[in-house]
Amino acid sequence: MRNYRKEGLTLARLLMVLASFSPLFLLWAIRGTTLFNKYVFVAICGLLIVVPNAFLLWRIGKAQSNSDVKTISVAFAEDHREHVIVYLFAILFPVYSLSLDTFSNFLSAVVALTIILALFWCLNLHYINIFFSFFGYNLFTLVPPQRNDGISGEERLVLITPRAFIRKDEQIDAVRISDTVFFESKKE
Amino acid sequence: MTNTDPRSAIRSIEFGIILKEGEELSYYLVPTDITLKAEFLRMLEQTLSNWQKGVEVAREYDPAEIYPSRVQLELPSDSLLLGNLSELYNAENIPIEASRIRELPKLFAYFCIFRTGNTQNGEKVLAIRKAVQFKGLAKQRLVRWVDDSLHYVEDKFFKLDKEFDIVITPTRVMILNPKSFESIARLDDIILETAGENLVRMGTHVPFIELSSLTEYAKTHKRAARLIASIAARGDLAATSERLFEEQCTRCGVTLVCNDGRFCPAEKHELAFLNVLDRRRYVVSLIEDVHEKYEAASRHGVE
């Protein structure tokens, strides 16, 4: 089996990374800038929060309505809920501290953000979103069983789930957000 | 293992493709929408209905038999003849890569995984179809009726088939198209690889035949390897009578060589020797003093 993949949902993954920037856009909107009209800047930040997150919600709903479900076999799972904290404090908040009051400062902040966006997009780190945490969802990396049959996938997958833990050798039905990120909704 | 009705309470349907590059096969899942999933379910129902139509008990697949293109056959799901299919059935977390569907010239087969029951105690049913129409139609030019004139349709289209070739449940394998089964399971490769083991198994059950001379022959002759696989799978091999076997060989014109009290076929009689053991070489005498010798590429027992 080939050990490289062609990751699909290119635009969707980009929007999902943008959705993960929501706390930064929220803080920027509150702080404002002297470079632009206050209302225009708030509207732009608002759009950058609403559009990607609305798309993410639409993507989950679409996957659910299409029964785009994959049964994932898990050898064991790693709990990665701290990724959200690391992401916020090590990556987004340093960008927030950059000044936006001169054109060159504003441009450098946008370029820094674009680099983070591109990097997260290329590295498939589109699964981080603080809204999941707010609504009680946790992040797990699912490590597949090693079957060495040339057919079974050996790639680690990310699951966003309300579960507090995942047992070894468990099977999970989850809807596909992207080819490597899956979502399990709260059971009724 | 239980006797699963493949249509009972299907929990999810996953669609996948098998691409062939040279001799290498690669497997990918491709996401589909709910309308396609409904169509796959209809295909499964059609396959099961066609497989059961007009046959009380399906015959077991025999690798030495030459079948028509469409016939109802079955195999136990733990049969060694499943080869690749067994690995596909047991595979987990097959990677999702929607873009692979664009590699149409490499498309070899497509499959659906139907899951029943719940996640922890559920079972799965694998249905496979060799890509013929699915691949072929994409190369054709299509037209459609627009504003009272015909227009080229520039999109790529796939035409799904009406049924699957093979359905694998936890207990058995249902085959509707034996040629597709042989091709997808890579049966010839399995049979050539296991010919040596099958000869050893035959030798333990029939001690009066010497089979070591056939080992090299079987590695290069697919027909011989298929006959060996068929003979080795017989449950009544140990009851073979030395006297009757020798008489049958004489009647059928198969020359035997005796080595230390054990029979082996003379050179160029290897295939005929195996055909006698597999009940495929026989003599008919309907005219006085005329003994017509035949080989049966296809045969089945009668009452």
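Student: In chain B, what distance separates the centres of domain 1 and domain 2, taken over C-alpha atoms?
Tutor: We are looking at a predicted model, in which chain B is divided into domain 1, covering 10-185, and domain 2, covering 189-295. Taken over C-alpha atoms, the centres of domain 1 of chain B and domain 2 of chain B are separated by 36 Å.

Student: How many residues of domain 2 of chain B are in contact with domain 1 of chain B?
Tutor: On the side of domain 1 of chain B that touches domain 2 of chain B, the residues fall into five nonpolar, one polar and one charged. These seven residues of domain 1 of chain B are in contact with residues of domain 2 of chain B that number eight.

Student: Which strand of chain A gives the most to the side of chain A that touches chain B?
Tutor: Between the two chains, 27 residues of chain A are in contact with 22 residues of chain B. Two strands of chain A, strand 1 (69-74) and strand 5 (170-176), each supply at least two residues of the side that touches chain B. With five residues, the one that gives the most is strand 1 of chain A.

Student: Why is helix 2 of chain A described as roughly parallel to helix 4 of chain A?
Tutor: Helix 2 (residues 22-31) and helix 4 (residues 82-96) of chain A pack with their axes 10 Å apart, at an angle of about 30°. Because angles under 35 degrees count as roughly parallel, helix 2 of chain A is placed in that class relative to helix 4 of chain A, and the name for it is roughly parallel.

Student: What is the handedness of the crossing of helix 5 of chain B and helix 7 of chain B?
Tutor: Helix 5 (residues 187-205) and helix 7 (residues 222-232) of chain B pack at an angle of about 50°, with their axes 8 Å apart, and they are therefore oblique to each other. The crossing of helix 5 of chain B and helix 7 of chain B is left-handed.

Student: In the contact of helix 5 of chain B with helix 7 of chain B, how many residues are nonpolar?
Tutor: Among the residues that make this contact are B:Ile191 and B:Leu192 of helix 5 of chain B, together with B:Ala225 and B:Ile228 of helix 7 of chain B. By class, two residues of the contact are polar and four are charged, while the nonpolar ones number 10.

Conventions:
Residues are numbered from 1 along each chain as its sequence is written. Chains are lettered from A and ligands numbered from 1 in the order in which they are written. This is a predicted model: local features need pLDDT of at least 70, side-chain atom pairs count only at pLDDT 80 or more; totals for chains, interfaces and linings use all residues. Axes are lines fitted to C-alpha atoms, for helices over the stretch in contact, and angles run from 0 to 180 degrees between N-to-C directions. Helices (H or I, at least four residues) and strands (E, at least two) are DSSP runs, numbered from the N terminus. Angles under 35 degrees count as roughly parallel, over 145 as roughly antiparallel, 65 to 115 as roughly perpendicular and the rest as oblique. Domain bounds come from an automatic or database domain assignment. Ala, Val, Leu, Ile, Met, Phe, Trp, Tyr, Cys and Pro count as nonpolar, Asp, Glu, Lys and Arg as charged, and the others, Gly among them, as polar. A crossing is left-handed if the near helix is turned anticlockwise from the far one by less than a right angle, and right-handed if clockwise.
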